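I open this notebook to record what I looked up in the structure shown below. The entries follow the order in which I consulted it.

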Amino acid sequence: MISLPSEGGFQCNCYLLEENGECYVVDPGADREKIRSEVAKRKLMVKGILLTHGHLDHIGAIDCFKVPVYIHRKELPVLCDSYRKGFLAMGAEPPFKLPDIRFVALQGERELPLGRSKVLVVPTPGHSVGCVCFRYGKQLYTGDTLLKGTVGRWDYATGDLPRFKKTIKHMLEDFEPELEVYPGHGAATTIAAERESNTFYNEWKDTEQQNLTEDEA
Ligand SMILES: [Zn+2]
């Protein structure tokens, strides 16, 4: 895996998942040229762009390659909203043209081929309605769902605290402790470390789980 944290503007971690000359780009938030030159230097064939969710700071360079952009089906409206309102609200021109992007809508758990392996898409709603994590071998790419020592916000338009608590409890209790966690912001961690010291998990783990009716992830 190659980590390419964006510099200036939005701070967001972009990652290249790479195997046998193929790669996926996870959350290209900015720095289009840096991502392109890294891919060119390594002579990689980009199979697609994987989005953990559609917030502004994760999508600024989704046109860096002419490849499909994978996003959860419920998250596409969030991305469109970020595009229409977010960039303009900041007085910035959108950095790409939405009609130029070919989206592939994800639903449920799904595997995407990479080299001889697979990247597993895991729905993790809460920070926003269609958040997903990507699992590749012993690595888990968590976007703004799980961060080192903390979790993402839940007060944006499609955030949902009860669902978020459920997601975080599921991740920290059911995933293998040795999984390496690569968040959308800040440093890497592990499931074991977060189980031990994540502030929000420790607050939420003993609270009564509300009954949530799950519609189809
Ligand atoms: Zn976010």
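**Entry 1: a strand and its neighbours**

I looked up strand S5 (residues 69–72) and found both of its faces covered: Val69 and Ile71 on one side, Tyr70 and His72 on the other, are all buried. A residue is buried if 20 or more other C-beta atoms lie within 10 Å of its own, exposed if 12 or fewer, and partly exposed in between, with C-beta atoms placed from the backbone. In a regular strand the side chains alternate between the two faces of the sheet. Strands (E, at least two residues) and helices (H or I, at least four) are DSSP runs, numbered from the N terminus.

I note that this is a predicted model, in which local features need pLDDT of at least 70, side-chain atom pairs count only at pLDDT 80 or more, and totals for chains, interfaces and linings use all residues. Residues are numbered from 1 along each chain as its sequence is written.

I then checked pairing, for which DSSP must find at least two bridges between two strands. S5 pairs in the parallel sense with S4 over two bridges, and Val69 is the bridge partner of Ile49. S5 also pairs in the parallel sense with strand S6 (residues 103–106), over four bridges.

**Entry 2: two loop residues**

I found a positive phi of about 50° at Asn20, which is not a glycine. Asn20 lies in the loop between strands S2 (13–19) and S3 (22–26), and counts as exposed because it has 11 C-beta neighbours inside 10 Å. Lys43, also not a glycine, has a positive phi near 50°. Lys43 lies in the loop between helix H1 (32–41) and strand S4 (45–50).
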